[in-house]
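Thanks for making time this morning.

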Amino acid sequence: MERDFFCIADNPENYHECFMRGLKKRNPNEKEFHQACDEIAKSILPFLFDNPKYLEEKVLERITEPDRIISFKVNWEDDNGNIRTNRGYRVQFNNSIGPYKGGLRFHPSVNQSILKFLGFEQIFKNSLTSLPIGGAKGGSDFNPKGRSDREIMRFCQAFMIGLHRHIGEDVDVPAGDIGVGSREISYLFGQYKKLENKFTGALTGKSIEYGGSPVRTEATGYGLIYFTKNILEHRSEGLKDKACLVSGAGNVAQYATKKLIANDAKVLTMSDSRGTLYCENGFTGDLLDKVIKIKSDGGSLSEIDDSTVEYLEGKKPWAIAADYAFPCATQNEIELEDVKELIGNNCKGVFEGANMPVVTEGIDLLQEKKILYAPGKAANAGGVAISAIEMSQNNVGLSWTRERVDTKLQEIMKSIHDSCVEYGSDGDFVDYQKGANIAGFKKVADAMISFGI
Ligand code: NDP
C-alpha cells in the first residue's frame with residue numbers, strides 16, 4: 001500500500017479531499033483522529049492557500065504525523081493477587097515550541113486513535129496559551145472505577161515503570177485527564193522520583209506541598225468560564241440569570257459549575273456516565289458540594305438526596321431548554337440530534353470544556369446557524385496553561401500565590417480570546433473555531449519551518 005501522500009490541488013476543497021484520503025490510508029481505523037484532523041484541515045486550508053509557504057513546506061502533512069508513539073505493557077497485581085495486564089501509551093506529537101505536554105487518561109475506552117486525536121488537539125491548544133509547550137497525550141485502557149486505593153497505587157507505579165524513561169522536565173511533562181486526578185499524579189510522581197532518583201517537575205497537577213501550583217485543580221473549569229465571559233463581553237452580553245446546561249460531574253464540570261454560580265448564572269444540569277441531574281431552580285453551592293462528595297466517593301448522581309432535583313436516568317442534558325451549553329464530560333457527547341434539539345430550544349452558545357465533545361456535523365450546523373461555538377482547544381486551555389505556570393514555578397524553585405495564578409489564568413484566557421478575534425473575525429461575527437485553529441497553527445508552523453525539515 002502507498003504510505004506516502006502528496007497533494008497538489010488548486011483550491012482548499014480539493015486539497016482537503018486529497019489530504020484526508022491520504023491521512024485515512026496512513027492511519028486506518030482511527031476515526032477520532034480522522035475527525036480531529038478533518039476539523040483542523042477544513043478550517044485552516046483557506047488560510048494556507050492565502051499563505052502558500054505552509055503548503056510548499058507541507059506543514060499540514062508533517063504536523064498530522066506524531067513525532068513518536070510509545071506503547072508499553074503494564075503488569076500489576078489486584079487485591080486478590082490476580083496478575084492484570086493493561087496497555088500504556090504516550091503519543092509525543094510535536095515539540096516545536098516546547099517540551100511535550102498533555103494529560104494522561106485512564107479509561108477503558110482509551111486506544112491509539114483517541115490518544116492521537118487528543119495529542120493532536122493539544123498542539124494547537126498549547127500554542128494558543130502563548131506558553132512554550134508542545135503537544136502530547138498518554139494514558140491506559142485501565143479502568144479505575146471500583147478499584148481500591150492500593151490497586152490504583154500499584155497500577156500507577158507499574159505504569160510509571162514503562163513511562164519514566166520517556167519523560168522529564170525538558171522532554172515531556174504529563175498531567176492529569178479523565179481518571180487521573182491529584183491522587184494518581186502523586187502516585188505517579190512518587191514512583192518517577194524513586195526510579196530516576198531525582199526531584200524534578202516531570203509531572204504537573206502535583207499537590208501544593210511538593211511543587212504543585214495553586215488553582216491548577218480549578219483551572220480548566222474556571223478558565224472555561226473566563227473565556228465564556230470574554231466572548232459574551234465582546235458582544236455586550238453576560239452570564240447573569242442565563243440558564244446553562246453543564247454535562248459531566250468531574251474536575252472540569254465541578255469548577256465550571258462553581259464559577260457559573262459565582263457569576264449568577266442558573267446551572268440547570270450536571271451529568272455522569274449514567275444520567276443527568278436536573279435542578280429547575282438552578283444549582284446552589286450546597287447542591288454542588290453534594291455532587292462533589294458523591295463523585296469523590298466513587299458514587300453516582302442518582303444517589304443525590306435533595307428535594308430540588310430530578311434524576312433523569314440514561315439521559316443527557318441537551319434536551320432541556322437553556323441559553324448556553326457547557327459540555328464537560330467526554331468526546332462526541334453532543335451528537336447531531338442533540339445539536340438540533342439545542343437549536344430548537346433557542347440555545348445561543350456552546351462552550352466546550354471537554355475535548356471534541358461535539359460531532360463534526362453538529363459543529364457544522366452550529367456554524368451554519370451562527371450559534372456561538374467555542375472550541376475546546378481554546379475554551380479549555382486554562383488547565384494546561386496553569387500546568388505550564390507550574391513548570392515555571394518548579395524551574396525557578398518558587399511558589400506563586402493563589403491570587404497571582406488566578407490573575408494569570410484570566411490574562412491567558414483573555415489573550416486566547418483576542419487571538420481568536422484576530423484570526424476569526426468576519427465583520428462583526430467572530431468564528432472562534434477558525435480563529436483558534438489558525439492562531440494555534442501559525443505559531444507552531446512558523447517554528448517548524450524555521451527548523452528546516
Ligand atoms: P473526570 O474524570 O474528572 O470527569 C469526567 C466526567 O465525565 C465524569 O463525570 C464522567 O462520569 C463523565 N463521563 C466520562 N465518560 C462519559 C461518557 N462516555 N458519557 C457520559 N459521561 C461521561 O475528567 P475531567 O473533568 O478531567 O475531563 C473531562 C473532559 O475535559 C475530558 O474531555 C478531558 O479531556 C477534558 N479536559 C480536562 C482537563 C483537565 O484539566 N482535567 C483539561 C482540558 C480538557 P462518571 O463519573 O460516571 O465516570
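By class, how many nonpolar, polar and charged residues does the shell around the ligand have? The shell has six nonpolar, 11 polar and seven charged residues, where Ala, Val, Leu, Ile, Met, Phe, Trp, Tyr, Cys and Pro count as nonpolar, Asp, Glu, Lys and Arg as charged, and the others, Gly among them, as polar.

Before going on, a word on the source: this is a predicted model, in which local features need pLDDT of at least 70 and side-chain atom pairs count only at pLDDT 80 or more, while totals for chains, interfaces and linings use all residues. Residues are numbered from 1 along each chain as its sequence is written, and side-chain values use heavy atoms, with hydrogens and water left out.

Around the ligand there are 24 residues, each having a heavy atom within 4 Å of it, and the closest are K145, D177, T220, S273 and N355. Domain 2 (68–199) and domain 3 (219–379) both contribute to this shell, so the ligand lies between them; the domain bounds come from an automatic or database assignment.

Turning to individual atoms, a polar side-chain atom of S273 lies 2.5 Å from an oxygen atom of the ligand, whereas for K295 a side-chain N or O atom is 2.9 Å from a ligand oxygen. With N251, a backbone N or O atom lies 2.9 Å from an oxygen atom of the ligand. Taken alone, the ligand exposes 890 Å², of which the protein buries 81%, with areas from the Shrake-Rupley method and a 1.4 Å probe.

Notes: Polar contact = N/O pair within 3.5 Å; in protein donor to acceptor, adjacent residues only side chain to side chain.
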